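Let's take a walk through this structure together, one stop at a time. Keep the sequence and the 3D view side by side as you read.

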Amino acid sequence: MDVGRRLLLKGSVALAALAALPRTLLAAAWPEKAFAASEADAAMSTLFGTNESTPSDRITLKVPEIAENGAVVPVTISTTLENVESISIVVRNNPRPLAASFEIPAGTLPDVSSRIKMGETSDVIAVVRTNTGIYSTSKQVKVTIGGCGG
Amino acid sequence: MKNTAAKLLLCLVPILWQQAAIAGPEDDRKAFVEYFQSRFPDVSFAEFANGIYAIDDDARRQWQDIEEFPPYEFAIEQGETLWHEALPGGAQLADCFERPADEIRPAYPRFDADRGEVVTLAVAINDCRQTHQLSALAYDSEELISITAYLAYLARGKPVAIRVPADDPGAIAAYEEGKRFYYSKRGQLNFACSDCHVTSVGLYVRADRLSASLGHTTHFPVYRSKLGGMISLHQRFSGCVRDVRAKPFALQSKEFRNLEYFLSYMGNGLEFNGPGARK
Amino acid sequence: MASKIKVKAKLSGDVAEIKSLMLHPMETGSRKDPDSGELVPAHHITQLTFTNNGKTVMVANFSTAVSKNPYFGFSFSGAKAGDTLKVSWVDNKGATDELETVLK
Amino acid sequence: MVPVRANRSGALLGVLAAVLMVTGCTTTFERRLAEAEQLRLEAAAAGAEWLQTESLLDQARDEAAQGDTDAALVLVDKARFQAEAALRQAEFEATAWQERVIK
């Protein structure tokens, strides 16, 4: 319970909250510091220990060219890279660039989809961590101000 | 032989009479459909039920992603629960409607000759509640919209077949009022519904493309991503009226009910596909 | 209270394709209440966990940038009919929700 | 607003009446406000009221209550312009809409 001990240091309030949680949720800590970072590079460094990633065409990032609505941007990421440990979504121009990070245990396919918020036009970066390194691909998604529907 | 011919004639008379009599709205509808089909020759008639997604591919893909697991499923579920909830006295909402649940949505809007006005589904549900000593639900309430979402879901795939009875001057007047509303400019921007959704259909208003009016009513209520919740057709009307800087009419006001009547009739022959998901 | 999580699972061979949707406001903490003008405090799911027969198959960490009423989909192998899939989330206020479903 | 307060004191009422007769400000405002309000109601009855007319009049009342009659009158005039324009729009549209019907 290394994770549990680390969290314990954060004080009794957090501990009380955690004590009430199902144990499975303690399997991995929520990467609070990475989520709090206000720059994409800082978020990456915090999460992976490095902000360097190898561009890879073996990652497929499916995002719209122009978001219909910045509040709901569908994102799908899959990869043919092997031994994937995690997949993360980084939105460079969001106030907190790290949007989500998915831990991929052995047996789980490296193929995830979700819907995210984007404050403005930005590169969306799919970051894949494998047992050999950090890989990424990115695409720009335009976010526009709506007229009547938006 | 004579007998058969007489029978045939008897059968034909009402049909012929009906066709001649509804020539007004039906002529309008045909011209309406033709206009949009000529503007978008690659879009099939049935596709117009999908609104803007019939004519914009990038938006369509995002919509399809959301339709993979649309947030309105929670509204359908809530609506189903409310639909079956016992009313005071043990009745259910279903008891007020003399048809199977999947045929209720398609039965509205309808012109009620006794009341002399258009009755929409939302009004009919509130009438039912009041008959059973319950207060009317607010027309923008989650509860009422959820019930309409559930009934819309049950009616998916059924054709829109709104009737404007030719022998009912009240119905024709209500239809004509809705039509006049649709084509009248209003507000500080001096826009009619038709200025955006007929003349400028497919063009951009800032970043939004204007949808075709053909099919506007088939998919409501809708989950609006922008709002993170469901809205009714009348809330959408209200939004459009506000967008042209006119003071919106009340939800389920006579003006909006007549507009719904006209627009629904224009969509005759399309399929109900609500509830929907919109940006 | 009934769970506010919905799950759709599709088995093809030993691969389960999972789609999930949950009701949650996912407040960013930077939105102002339109009536009071006050900032609405951040309120968001932090961690969404899937286990299949007790084995963790996915841990999704969310920030406030995941859309309101979050959607999340993924697939895992080694699944079979009759398996118990459990979905649970916890948010930054310590609230939780969970749902169990049997794979078919 | 002003008369209510004035009623509490006969002396104050007298002073105010005198001031009003000299300046004519408040009476002008009240009259123009009433006219604009009437036009707004006519536009509403025609189903043609614009979005902000009512709030312009509310703002005018607020300004007047705070003593800024000039600002209040500017707002009243804006509201009146809107109400008149809405009425002209409705009058024109009584027949013009038919030209737009898809045929």
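**Starting with chain C**

Read from the N terminus, chain C goes β-β-β-β-β-β-β. That makes seven strands and zero helices, where helices (H or I, at least four residues) and strands (E, at least two) are DSSP runs, numbered from the N terminus. Before going further, a word on the ground rules: this is a predicted model, in which local features need pLDDT of at least 70 and side-chain atom pairs count only at pLDDT 80 or more, while totals for chains, interfaces and linings use all residues. Residues are numbered from 1 along each chain as its sequence is written, chains are lettered from A and ligands numbered from 1 in the order in which they are written, and side-chain values use heavy atoms, with hydrogens and water left out.

How far does chain C stretch? Its C-alpha trace spans about 55 × 25 × 20 Å along the principal axes. Of its 104 residues, 51% are buried; buried means under 20% relative accessible area, exposed means over 50%, and partly exposed is in between (1.4 Å probe, protein chains only). The accessible surface of chain C is about 4,500 Å², with 51% of that belonging to carbon and sulfur atoms. Such areas come from the Shrake-Rupley method with a 1.4 Å probe, and for residues only the protein chains shown count as cover.

Now look at how the chain meets itself. Take the contacts (heavy atoms within 4.5 Å) between residues at least 6 apart in sequence: in chain C, 53% of them join residues at least 24 apart.

**A lysine facing chain B**

Next, find C:Lys6, which sits in strand E1 (residues 5-12) of chain C. Is C:Lys6 buried or exposed? With a relative accessible area of 15%, C:Lys6 is buried. The side chains of C:Lys6 and B:Glu77 are joined by a polar contact of 2.8 Å. A polar contact is a pair of N or O atoms within 3.5 Å; within protein, one must be able to donate a hydrogen and the other to accept it, and residues adjacent in sequence count only if both atoms are side-chain atoms.

Staying in chain C, move on to C:Met26, in the loop between strand E2 (15-22) and strand E3 (45-52). Its phi is near 50 degrees, a positive value in a residue other than glycine. C:Met26 counts as buried because its relative accessible area is 1%.

**Over to chain B**

Chain B is divided into domain 1 (24-69 + 161-278) and domain 2 (73-154), with bounds that come from an automatic or database domain assignment. The contact between them takes 24 residues from domain 1 and 22 residues from domain 2. Their C-alpha centres lie 22 Å apart.

Two cis peptide bonds are worth a stop. One runs from B:Phe220 to B:Pro221, with omega near 0 degrees, and B:Pro221 is in the loop between strand E4 (208-209) and strand E5 (222-224). Another runs from B:Gly274 to B:Pro275, with omega near -10 degrees; B:Pro275 is in the loop between helix H10 (254-266) and strand E7 (276-278).

Finally, B:Arg245 lies in the loop between helix H9 (233-243) and H10. B:Arg245 has a positive phi, near 65 degrees, and counts as partly exposed at 34% relative accessibility.
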